[in-house]
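Okay, thanks everyone, I'll keep this short. Have a look at the sequence and the structure while I talk.

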Amino acid sequence: MSDICKCFAPVENAGCTILILGSMPGERSLELQQYYGHKNNRFWRLMAEIFNNGEMLDDYEERKALLLRSNVAPVSYTHLTLPTIRLV
C-alpha cells in the first residue's frame, strides 16, 4: 500500500437526500474499491435491515443500487468541497 491513499467516487445521484459521511476508507475497502469493504464492517448489514427487510445483498453493485433507491449517498469526506464563504 502506498503512503498516499486515494478514495473512490461517491455513490450518489440527484435523488439522494441522506448523506452518510465517512472518513478515509480502510485498506481492504481501497483494495476492493468498495465502500465498507471489510467483511467485519456492519454497514451493509445495517443498510439491509433498514432498507431491505433484513435481506443481505452479496453483490456490491446491488448494494449500491439499494442505497440509491433509498436516496442514500455514502461519501468520503475527502470528496466534499465546501462552498466559498464570502464576507462583506
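I'll go through salt bridges, then a helix pair, then a couple of loop residues.

Quick ground rules: this is a predicted model, where local features need pLDDT of at least 70, side-chain atom pairs count only at pLDDT 80 or more, and totals for chains, interfaces and linings use all residues. Numbering runs from 1 along each chain as its sequence is written, and side-chain values use heavy atoms, with hydrogens and water left out.

So, how many salt bridges does a search of the whole structure find? Two, taking a salt bridge as a side-chain nitrogen of Lys or Arg within 4 Å of a carboxyl oxygen of Asp or Glu. One joins the side chains of R28 and E31, at 3.1 Å from N to O. Why do those two line up? They sit three residues apart in helix α1, residues 27-32, so about one helical turn separates them. Helices here, by the way, are DSSP runs of H or I with at least four residues, strands are E runs of at least two, and both are numbered from the N terminus. R28 is partly exposed at 38% relative accessibility, while E31 is exposed at 52%. The cut-offs are under 20% relative accessible area for buried, over 50% for exposed and partly exposed in between, with a 1.4 Å probe and protein chains only.

The other bridge pairs K64 with E61, and there the closest N and O atoms are 3.3 Å apart. Again we have three residues of spacing and about one helical turn, this time in helix α3, residues 60-69.

Now, α3 also packs on something. Its axis and that of α2, residues 43-51, come within 11 Å and cross at roughly 50 degrees; axes are lines fitted to C-alpha atoms over the stretch in contact, with angles from 0 to 180 degrees between N-to-C directions. That makes α2 and α3 oblique to each other, given that under 35 degrees is roughly parallel, over 145 roughly antiparallel, 65 to 115 roughly perpendicular and the rest oblique. Who makes the contact, meaning heavy atoms within 4.5 Å? From α2 it's F43, W44, M47 and F51, and from α3 it's Y60, R63, K64, L66 and L67.

Last stop, the loops. N53, between α2 and α3, has a positive phi near 50 degrees without being a glycine, and it's exposed at 81%. N71, in the loop between α3 and β2 (72-76), also has a positive phi, near 60 degrees, and is partly exposed at 29%.

Definitions and conventions. Contact means heavy atoms within 4.5 Å.
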